[in-house]
Amino acid sequence: MGSRSSRPARPIRSGHYPAKELCSQCGLCDTHYVAQVKEACAFLKQQFTELEEQTHGRSRESVRTGSPTSEVSDTDYFGIYEEMFTARKRDPIEGAQWTGIVSSIGMKALNTGLVEGVVCVQADAQDRFKPQPILARTPEEVLAARVNKPTLSPNLSVLEQVEQSGLKRLLVIGVGCQIQALRAVEKRLGLEKLYVLGTPCVDNVSRAGLQKFLETTSRSPDTVVHYEFMQDFRVHFKHEDGSVEKVPFFGLNTKQLKDVFAPSCLSCFDYVNALADLVVGYMGSPLGWQWLVVRNRRGRELLELVWEDLETQPVVSKGSRQAAVQQGIQAYDQAMTLPMWLAHLMGAVIERIGPQGLEYARFSIDSHFTRNYLYVRRHYPEKLEHHVPAFARRIVGQYRLPKT
Ligand code: FAD
Ligand code: SF4
Ligand code: SF4
């Protein structure tokens, strides 16, 4: 009698995932944990408050007690945190996305025995942008996973391998939607200790979407090794020959690029990876530096592994973002594209007088949350109430949005 009900659920092989077109391919449904999908999927059940309480012992909503309902705080923007830093590796890792802080932590966590395995993403042997999630057991395997694969990645597909390996202490590296599902099934994984090292994430794409983005935006799509939307308001494409191509945000072909981002990412409000223990990005720091958000004690343990290898500075916040965000809402909505000479000029001006440090991070969060709010309102009106978290509503509420 019991054997039937205890048989593990079958992973989805049909390509038809429960969240349908909103699926971000996080990998959960490629495992028997598909049985938990309704409770775990970031697009079927929005549960930041509950999962923040479970992970950090407090939530963005619980720390607001007493604040007027419309007031927007740094916790709304950056999630629960104990401390933030600006940092870079004294000895950067060649070929990493930035200075390689993420890879260094992963390697040290194995070297010191803090964990026995690291979930991370290597690239397909034939296609550097196609993700290949792995359970790394050696520092060399973690190093081989350095640099972003800027496409949807099924990181959680290795959860069954974790279970079969019998390991008890695990580090997972991942982006927000993956970590939301991970936290929801965390207690079922049979681990003694789980560490989560997150990166911020926004505007992700399918592999086909990435091709369109590269072809629309770069002068040489086939030689791009990596790219990033930088704090100087330009996309930096690094090419195979080491050259760096800079394209101003304001010169992007908005009309052609509107449908390039995955629907999941146009509906996502977890830019800052709220449920990770430690987040390593760049957008709250000056150009060339990384931005570290320590959310809890486990995050501090991870940071301590590499602390002596880092140069650090306090975070700063300069300028004012609001006018630029408000203008951007209208320009994006009307799919306006500027001539390249004007885009370069605007980029240069805004870099000098525009938002910097944490204010740049707020600029980017505001711009993406307003766009995503409008996307959900227009395409999934029935999801608007439950899917958009309260902190995102407070952020979006600072701006005038189109009526329809
Ligand atoms: P590295 O040492 O090079 O390590 C990179 C790690 O990322 C590897 O361990 C790998 O396992 C993991 N990884 C690679 N691709 C993926 C993927 N598709 N899904 C999950 N994990 C992956 N930071 C910001 O501050 N602002 C942003 O707007 C922003 N957007 C991002 C968008 C995407 C799609 C991604 C993947 C990351 C983004 N980041 C953003 C994070 C940032 O680009 C760097 O990844 C981060 O600062 C770490 O740099 P590093 O040199 O320490 O990483
Ligand atoms: Fe399943 Fe993840 Fe897709 Fe949700 S996002 S349907 S949990 S694979
Ligand atoms: Fe996942 Fe959000 Fe990143 Fe898309 S933008 S891959 S939904 S974390």
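Axes are lines fitted to C-alpha atoms, for helices over the stretch in contact, with angles from 0 to 180 degrees between N-to-C directions. The model is predicted: local features require pLDDT of at least 70 and side-chain atom pairs pLDDT 80 or more, while totals for chains, interfaces and linings use all residues. Residues are numbered from 1 along each chain as its sequence is written, and chains are lettered from A and ligands numbered from 1 in the order in which they are written.

**View 1. Crossing of helices H12 and H14.** The axes of H12 (residues 322-333) and H14 (residues 358-379) come within 10 Å and cross at roughly 35° (helices, H or I, at least four residues, and strands, E, at least two, are DSSP runs numbered from the N terminus). The crossing is right-handed (the near helix is turned clockwise from the far one by less than a right angle). H12 contributes Ala-324, Val-325, Gly-328, Ile-329 and Tyr-332 to the contact, and H14 contributes Phe-363, Asp-366, Ser-367, Thr-370 and Arg-371 (C-beta atoms, placed from the backbone, within 7 Å).

**View 2. The open sheet.** Eight strands with mixed pairing follow the order E3-E2-E4-E5-E9-E10-E1-E11 (a pair needs at least two DSSP bridges). E3 (131-136) and E11 (310-313) are at the edges with a single partner strand each, so one side of each lacks a neighbour in the sheet.

**View 3. Strands E4 and E5.** E4 (residues 169-174) and E5 (residues 193-198) run parallel and are joined by six bridges. Ile-173 has Leu-197 in E5 as its bridge partner.

**View 4. Shell around ligand 1.** Ligand 1 is surrounded by 38 residues, the closest being Ala-96, Ser-103, Cys-120, Gly-281 and Met-283 (C-beta atom, placed from the backbone, within 6 Å). Helix H5 gives the most, four residues.

Methods:
Two residues are in contact if their C-beta atoms, placed from the backbone, lie within 7 Å.
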